[in-house]
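Here's a quick tour of the pockets, the ligand site and a few loop residues. Have the model open as you read.

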Amino acid sequence: MSRKKIVAGNWKMNKSLQEAKALVEQITNQINDSIAIGIDEVTKIIIPPFPYLDAINTQILNKPNFNVGAQNCHTNAAGAFTGEVSASMLSSVGCKYVLVGHSERRQYFKEKDSDFVLKIKEALNNNIHPIFCIGETIDQRKTENHFKVITEQLTNVLKEFTVAEFSKFILAYEPVWAIGTGETATAAQAQEMHAFIRSIVTDLYDSKIANDVSILYGGSCNAQNAQELFSCPDVDGGLIGGASLKADDFCKIILSF
Ligand code: PEP
């Protein structure tokens with residue numbers, strides 16, 4: 001089993017450039033102090049707004065196991081798409097990861113499976129790892145459709161990718177009812193769904209690739225609950241929203257394995 005422990009901070013549409021740089025400075029200093037206890041084995045991904053990617057990538061260049069990721073990329077490689085950002089542009093500023101399928105993109109920007117396939121193809125063409133996000137709404141869970149929804153979200157996209165392509169993926173299970181709500185999935189709920197996701201990946205590919213893929217939990221993961229969530233055998237880390245905007249909280253989460 002070669003899967004990585006990962007903590008990714010999705011800053012969404014928050015912070016000025018000056019605030020962003022100060023936050024990264026605080027995070028890297030605090031983690032630097034912890035490297036002595038082996039914490040550099042955790043892959044740390046900072047996912048700021050587009051305008052800060054280059055500056056933050058420069059800031060973290062020599063920091064062990066720190067990387068930058070983007071919150072989105074376009075479905076096309078280049079062209080007349082005013083206001084959009086391509087995967088090759090992200091690559092040119094040192095971006096190694098990109099979020100695809102986040103519930104806010106699904107809800108507010110009406111993005112769908114076919115968009116995710118194109119975005120992931122663009123990311124892979126540019127050596128960027130997709131962090132593919134899936135998750136059910138509260139209604140879907142209450143009506144006990146959550147396993148069906150997750151199966152569809154995964155299958156509709158993964159069927160377009162080979163094993164070799166999928167080996168570059170990170171998955172993030174983010175129940176929509178837990179994102180930004182302060183309500184977290186219990187460790188038992190997270191473990192149940194992560195194990196289920198691994199079983200779907202086994203069915204679509206094989207057990208080796210399923211064992212190797214990192215599956216992150218996202219949805220009000222914070223400094224208080226990260227340790228319990230990360231102790232679940234199929235939870236390989238977290239995709240963190242609100243708590244990634246505070247250095248102390250984000251560092252505590254990184255130190256929660
Ligand atoms: C997210 O949006 O990916 C997320 C997990 O947000 P929060 O941690 O704020 O729930």
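Helix α4 (residues 103-108) gives the largest share of the lining of the largest pocket, three residues. Helices here are DSSP runs of H or I with at least four residues, strands are runs of E with at least two, and both are numbered from the N terminus. This is a predicted model, so local features need pLDDT of at least 70 and side-chain atom pairs count only at pLDDT 80 or more, while totals for chains, interfaces and linings use all residues. Residues are numbered from 1 along each chain as its sequence is written, and side-chain values use heavy atoms, with hydrogens and water left out.

The largest pocket has a volume of about 450 Å³. Its lining runs to 19 residues, with Lys-12, Met-13, Gln-71, Asn-72 and Arg-105 nearest the centre. By class, that lining has nine nonpolar, six polar and four charged residues. (Nonpolar means Ala, Val, Leu, Ile, Met, Phe, Trp, Tyr, Cys and Pro; charged means Asp, Glu, Lys and Arg; the others, Gly among them, are polar.)

The second largest pocket comes in at about 270 Å³. It is lined by 16 residues, and Lys-4, Ser-167, Phe-169, Ile-170 and Asp-212 lie nearest its centre. Here helix α10 (residues 207-212) gives the largest share, three residues.

On the terms: a 1 Å grid is laid over the protein atoms alone; a cavity is a set of points where a 1.4 Å probe fits but cannot get out, a pocket is an open set with protein on both sides within 12 Å along at least five of seven lines, and lining residues have an atom within 4 Å of a point. Points are joined across faces, edges and corners, and a volume is the space filled by probe spheres set on them.

Now the ligand. It is surrounded by 15 residues, the closest being Lys-12, His-102, Glu-174, Gly-180 and Ser-220; a residue counts if one of its heavy atoms lies within 4 Å. That shell has four nonpolar, eight polar and three charged residues.

| Residue | Polar atom | Distance to ligand oxygen |
|---|---|---|
| Glu-174 | side chain | 2.6 Å |
| Gly-241 | backbone | 2.8 Å |
| Gly-242 | backbone | 2.8 Å |

The protein covers 95% of the 290 Å² of accessible area that the ligand has on its own. Areas use the Shrake-Rupley method with a 1.4 Å probe, and for residues only the protein chains shown count as cover.

Last, some loops. Lys-110, between α4 and α5 (113-125), has a positive phi of about 55 degrees although it is not a glycine. Lys-110 counts as exposed because its relative accessibility is 61% (buried is under 20%, exposed over 50%, partly exposed in between, with a 1.4 Å probe and protein chains only). Asn-127 sits in the loop between α5 and β5, with a positive phi near 60 degrees. At 65% relative accessibility, Asn-127 is exposed too.

How values were computed. Polar contact = N/O pair within 3.5 Å; in protein donor to acceptor, adjacent residues only side chain to side chain.
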